[in-house]
Amino acid sequence: MTKKILEKPQALAGLLLIAIVLLVAVTAPLFAPNDPNFVDMTKKFMDPTGQYPLGCDSLGRCELSRLLYGARYSIGISMPILLLLAVIGLALGTFSACAGEKVDRVLTMLCDTFISFPSLIIAVAVIGVLGNGFKSITIAIVIAMWAWFTRVVRAYALVEMGKGYILAARISGCGTAKLILKHLIPNILPQFFVYLSTGVASSILMVSAFAFLGLGLPAGTAEWGAMLNDARSCLYSHPELLLYPGVCILLTAAGFNLFGEALRDILMPEEGTL
Amino acid sequence: MGKYIAKRIIGFVAVLIGVSMLSFLLIALSNTDPAEVIARRGGGQVSQDIIEQVRREMELDAPMPIRYLNWIKGLFTGDLGVSIYSYNPITHDLKTFLPVTFRLVSLALLWILLLSVPISLICVRFHNGPLDHITRGVTILGICTPPFWLGFLLLYLFAVRLSWFKVLPEPGLKGYLLPSLTLALPMACAIIRLFRSALLAELSSDYVQYAKGRGLSSSRILTHHVLRNALPPIITVFCQYFGYLIAGSAVVESVFSLKGVGSYLIGCVSSSDATATATCIVIIAGIFVTANLAGDIINRLLCPWMVRESND
């Protein structure tokens, strides 16, 4: 498995990008040349110098430091979201597949209702209710996306439930809880991991879209989407300020997507799968 | 067939009711007091008495189910009151903003159609060739591109550098070209990937072997046989993406300063206008569900043999 990943250039490229972003997120304070939030109007739109390698933004804040710290927000918000989504998805999805027809029907219907809203719209509504803040952006995206995860896990679980080993476990007296934890989840985990990896990419894009729209994060946060929004008035004068944050979002999302995709090719090699 | 459609419509109504309850609930749970927001919108000091008076006038003190029913009645009669965000009647706002979003989304769908079908056909015709590899690379980058950033790149290229367009919205079709392209490109990338694998999956079918055996050219097999058979998933995806495009238009409208439903919705959320927010959400979700239903029914009419579930 590890060997296969290392042999595939696409997987390596994805892993490398993920590793770089994670490293930057963790070590941002070490490498950032300046305080990302220190406002100095005398350095407004300053050209790149040794102390400020990428120059300064409209409030004289160090652009490079803000970009480095931005990785913290993207990763730091997406990870808890994905963790919550994974737990909710695995718990409800396997439960729905095992708990009998009535429960399954109710849960499926609930998922269908949530899926009837485009995710962005649910998240906007939830942020409207909860107000701004890291906690509400997390809750908003979890509420917007849990139904997708649950549905995917349920579909995986239903396929597994028809297999012989589940029947064998049942016959040898395995209870439902043990069946789910010991047999079902370990067997759907690889496929679920692939889904999760592309989920990270979409959650990063969603967080940045919210920050761009001014929803969810306090003003002045060094988040990439918010930085794009701050820089929008510099389209004529300093277009490079619009370029950097976008490249960061693109590369981060691409890392997770490339890796997830390569992983899927390794785990499920047939061409027809999506 | 009739039974299937009837069953789907019942399910559709059930989901719509669920959707309307959910969007109302989200808004009703909000910890901002609508009466207070309305009373304070003029600014200045507002006493508790005035807030209470507003609450009584707007019937905001009624129990939740009554407020929900009043709102639903308003959705049908068009009497939804005045938006706190724009100071206009909500129905009037929607009448002005919905067409903008519809034009944007329709044009984006046209782009997607024009880009995705030919490109995915070429990819499949020259499978594993250089064009196929380039497309794979470009599309994977495309699905990772934040649409608002793409919008700025296009604006910079076409409006600042080349001066073909203006940065501010222009009247007529020209004003919609860049926004719709921005909305379409990431989606088109996702759809090309989907079509490509749907078409490739078809290629291994027996009828393709048979057509090859009859001596038909590869291009003819693709356009005359494979494309037709791969149509159902393509139609489903198109109808689904119609809804996504409407939701995604909020971001694009913001970049290009277009006044559509998306930017209206964000404005309503920021100024805690509960009724207008709930109305926008229910309308967008309603369009989304309707488009999905339409896709399923069209598929069913085109390919009656595609009985997915035995209990349909």
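How many salt bridges does the rule find across the interface of chain A and chain B? It finds 2, a salt bridge being a side-chain nitrogen of Lys or Arg within 4 Å of a carboxyl oxygen of Asp or Glu. In one of them B:Arg136 pairs with A:Glu261, and the closest N and O atoms are 3.5 Å apart.

Before I go on, some ground rules. This is a predicted model, in which local features need pLDDT of at least 70 and side-chain atom pairs count only at pLDDT 80 or more, while totals for chains, interfaces and linings use all residues. Residues are numbered from 1 along each chain as its sequence is written, chains are lettered from A in the order in which they are written, and side-chain values use heavy atoms, with hydrogens and water left out.

Now the interface as a whole. Taking contact as heavy atoms within 4.5 Å, 44 residues of chain A are in contact with 50 residues of chain B. The two chains bury about 4,100 Å² between them, 78% of it on carbon and sulfur atoms. Buried area here is the accessible area, with a 1.4 Å probe, that two parts lose on being put together, summed over both. On the chain A side, A:Phe117, A:Val129 and A:Leu235 lose the most area to chain B, together 15% of what that side buries.

There are also 4 residue pairs in polar contact across this interface, both residues at pLDDT 80 or more. A polar contact is a pair of N or O atoms within 3.5 Å; within protein, one must be able to donate a hydrogen and the other to accept it, and residues adjacent in sequence count only if both atoms are side-chain atoms.

Which helix gives the largest share of the side of chain A that touches chain B? That is α10(A), with 12 residues. Helices are DSSP runs of H or I, at least four residues, numbered from the N terminus. α4, α5, α8, α9 and α10 of chain A each supply at least two residues of that side.

Next, α4(A), residues 101–115. Buried residues in α4(A) include A:Asp104, A:Leu107 and A:Cys111, where buried means under 20% relative accessible area, exposed over 50% and partly exposed in between, with a 1.4 Å probe and protein chains only.

Last, chain B. B:Ser257 lies in the loop between α11 and α12, is partly exposed at 34%, and has a positive phi of about 50° although it is not a glycine.
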